[in-house]
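Have the viewer open and follow along.

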Amino acid sequence: MPKKWFQNWFNSPFYHILYKQRDDEEAELFIDNLCTLLKPAKDSRMLDIACGRGRHAIYLNKKGFDVTGIDLSVANIKYAHSFENSRLHFLVHDMRYLFYINYFDFAFNLFTSFGYFETEKEHINALKTFRKSLKADGKLVFDYMNSQKIINKLVLREVKEVDGIEFHISRTVKDGKIIKTIDFEHHAKHYSFKEEVRDFKLTDFERMFKLAGLEIAHTFGNYELNAFDINHSDRLIFVCEKI
């Protein structure tokens with residue numbers, strides 16, 4: 001069976017080259033603001049779902065928390081292993097399948113690490129696994145793109161040069177997905193990757209969270225935790241509790 005786009009692209013070194021400009025200061029500001037809001041106890045256990053190379057998990061651990069990061073990419077987890085300690089662990093794991101049950105105080109799914117699957121049922125099942133990983137009073141922090149703003153300002157074609165590689169990027173909206181195609185040459189070889197992320201909006205998440213046994217406690221529109229505005233906010237961020 002051929003691999004899904006996210007299994008190929010997220011495991012590729014070129015993914016990290018293209019997105020190397022991602023702002024760690026912005027990520028840390030987001031975590032700081034969340035900690036101010038949520039006031040986690042020092043002995044809190046935290047789960048970073050689809051943790052990538054671990055930038056959020058590593059920072060949460062630096063703040064003193066016991067953190068586990070899971071990601072589908074073997075390459076990402078291999079990289080993250082060098083940061084492990086007695087209270088920071090990384091494992092290869094698919095978010096759609098059960099992990100620990102009733103174990104974590106907080107679970108995080110950040111930076112649009114969702115919306116990749118073919119059916120809504122798969123997405124709801126993934127949310128159910130997030131819920132089951134939490135203690136009875138646990139909370140899920142869920143950070144998604146504001147798809148409406150992206151569609152409103154969609155850049156159809158652009159070229160980005162990073163580390164001597166010209167990435168030719170095209171975007172379209174089709175069948176309820178925002179699709180990005182990435183083509184480039186490296187060492188005389190042509191590469192082509194794709195990102196397909198569901199055009200989920202606030203009402204979609206309200207429905208899916210309810211079906212997954214989660215209740216929205218807060219909704220925000222950016223990493224400063226300001227109110228969500230469908231036309232102007234960069235992000236769609238939820239804090240959810242178990243029903």
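Two strands count as paired if DSSP finds at least two bridges between them. Helices (H or I, at least four residues) and strands (E, at least two) are DSSP runs, numbered from the N terminus. This is a predicted model, so keep in mind that local features need pLDDT of at least 70, side-chain atom pairs count only at pLDDT 80 or more, and totals for chains, interfaces and linings use all residues. Residues are numbered from 1 along each chain as its sequence is written, and side-chain values use heavy atoms, with hydrogens and water left out.

With that settled, let's look at the sheet. Glu185 stands opposite His190 in β9. The sheet is open, with four strands in the order β6-β7-β8-β9 and antiparallel pairing. The edges belong to β6 (157–162) and β9 (189–198); each has a single partner strand, so one side of each is left without a neighbour in the sheet. On average, neighbouring strands here are turned by 20° against each other, direction ignored; the axes behind that angle are lines fitted to C-alpha atoms, for helices over the stretch in contact, and angles run from 0 to 180 degrees between N-to-C directions.

| Strand pair | Sense | Bridges |
|---|---|---|
| β6 and β7 (165–174) | antiparallel | six bridges |
| β7 and β8 | antiparallel | seven bridges |
| β8 and β9 | antiparallel | ten bridges |

To pick out individual partners, Val159 has His168 in β7 as its bridge partner, and Thr172 is bridged to Ile179 in β8. The turns are worth a click too. The hairpin of β7 and β8 has two residues between the strands, and Asp175 takes a positive phi near 55° there. β8 and β9 also form a hairpin with two residues between them, where His187 in the turn has a positive phi of about 50°.

Is β8 (residues 177–186) mostly covered or mostly open? It's mostly covered, as seven of its ten residues are buried. Buried means under 20% relative accessible area, exposed means over 50%, and partly exposed is in between (1.4 Å probe, protein chains only).

Now zoom out. The chain's secondary structure comes to eight helices and eleven strands. Its radius of gyration is 18 Å, close to the 18 Å that the globule rule gives for 243 residues, so the chain is as compact as a globular protein of that length. That radius is taken over C-alpha atoms, and the rule is 2.2 Å times the number of residues to the power 0.38. Along its principal axes, the C-alpha trace spans about 50 × 40 × 40 Å. Of the 243 residues, 49% count as buried.

What about disulfides, meaning pairs of cysteine sulfur atoms within 2.5 Å? The count comes to zero. The sulfur of Cys35 is 17 Å from the closest cysteine sulfur, in Cys51, too far for a bond. Cys35 is buried, with a relative accessible area of 14%, and Cys51 counts as buried at 6% relative accessibility.

Last stop: Ala41 sits in the loop between α3 (24–38) and β1 (45–49). At 42% relative accessibility, Ala41 counts as partly exposed. The C-alpha atoms of Ala41 and Ile124 are separated by 29 Å, with the two residues 83 apart along the chain.

Terms used. A disulfide is a pair of cysteine sulfur atoms within 2.5 Å.
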